[in-house]
Amino acid sequence: FAGTRVDGVFRSTNRGTNWTAVGLINSKVQALAVRGTDLFAGTTVGVFRSTDRGIGWTSRGSMPANVIALAVKDTNLFAGTYGNGVFLSRNNGASWGTVNNGLTSYYVRAFAVIGTNLFAGTNGGVFRSANDGGSWTRVNNGLTNTSVLSLAPDLSGDLFAGTWGGGVFRSGDNGANWTAVGLTGAYVNALAVRGVNLFAGAGTGGGVFLSTNNGINWTAVNIGLTETVVRSLAVSDTSLFAGTDGGVFLNANNGKSLTSVNTGLMDTVVK
């Protein structure tokens, strides 16, 4: 699935070769999350749910907020918003409540889950909650750039944070301490993990980068990428998809090249 800036949600069943519009047409879809057979979409006017692979959508609860991040943890659904902090739903989005105790920044751009811990990336750094948002603790020691755009855990439990102009940071102790691990100066809008491979999607002049050693070294994988503003990354089996200002691109082999897969995608600014 791909969420776009103005034309809603698109679905591909053949690894991006073809796309079909499946709902929320003329909506700005900024985040997607899946739990079981349910698909959730975060938009500028709240959260919507589809139970039929995006064909039909229903508005979920009363939440007059601009939703820019979604996360599923156990039976809970979390929504990160532009200026209103974190919302929690325990009933598939039918009702929502704010869970902002301890948050000092309410612009929540990203989430990550490691074990019982939920992490929120904000423009004031990273916050951690061990009780499903009941309370938050700021965990920024060593995070010299606290404008966090993206979060991703790897298979060993390390947590990576992409920042606004500060590159990538890594924490091996649930956010207690952070170390800069490369791409200094980059605006890292997205992070994704596939096995031992860590991918970073960067802003203007960046594109997609790959690290196979926890961020110590990075290699650009931009051959064939005609638009270097990367806004999102997603992994499906052995495939990596990059959402950009020029549509969706596919990397299928950990190599240095990507292939445009935009047939049927009316809006090519993919969030």
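Four strands make up an open sheet with antiparallel pairing, in the order β16-β17-β18-β19. Strands here are DSSP runs of E at least two residues long, numbered from the N terminus, and two of them count as paired if DSSP finds at least two bridges between them. The model is a predicted one, so local features need pLDDT of at least 70 and side-chain atom pairs count only at pLDDT 80 or more, while totals for chains, interfaces and linings use all residues. Residues are numbered from 1 along each chain as its sequence is written, and side-chain values use heavy atoms, with hydrogens and water left out.

Who sits at the rim of this sheet? β16 (148-153) and β19 (179-180) do: each has a single partner strand, so one side of each is left without a neighbour in the sheet. Strands β17 (residues 159-163) and β18 (residues 168-171) are joined by four bridges in the antiparallel sense. One of the residue pairs to look for is G162 with V168, its bridge partner in β18.

Elsewhere, the salt bridges are worth a look. Such a bridge takes a side-chain nitrogen of Lys or Arg within 4 Å of a carboxyl oxygen of Asp or Glu, and a search of the whole structure turns up two. In one, K73 goes with D74, with 3.5 Å between the closest N and O atoms. In the other, K73 meets the side chain of D132 at 2.9 Å, N to O. Through shared partners, the salt bridges join K73, D74 and D132 into one network.

How buried or exposed are the members of this trio? Buried means under 20% relative accessible area, exposed over 50%, and partly exposed in between, using a 1.4 Å probe and protein chains only. K73 comes out buried, at 6%, and D132 is buried too, at 16%. D74, on the other hand, is exposed, with 60% relative accessibility.

The side chains of K73 and D132 also make a polar contact of 2.9 Å; that term covers N or O atoms within 3.5 Å, where, within protein, one must be able to donate a hydrogen and the other to accept it, and residues adjacent in sequence count only if both atoms are side-chain atoms. Beyond neighbours within four places in sequence, K73 is in contact (heavy atoms within 4.5 Å) with F78, V113, G115, T116, N117, L118 and D132.
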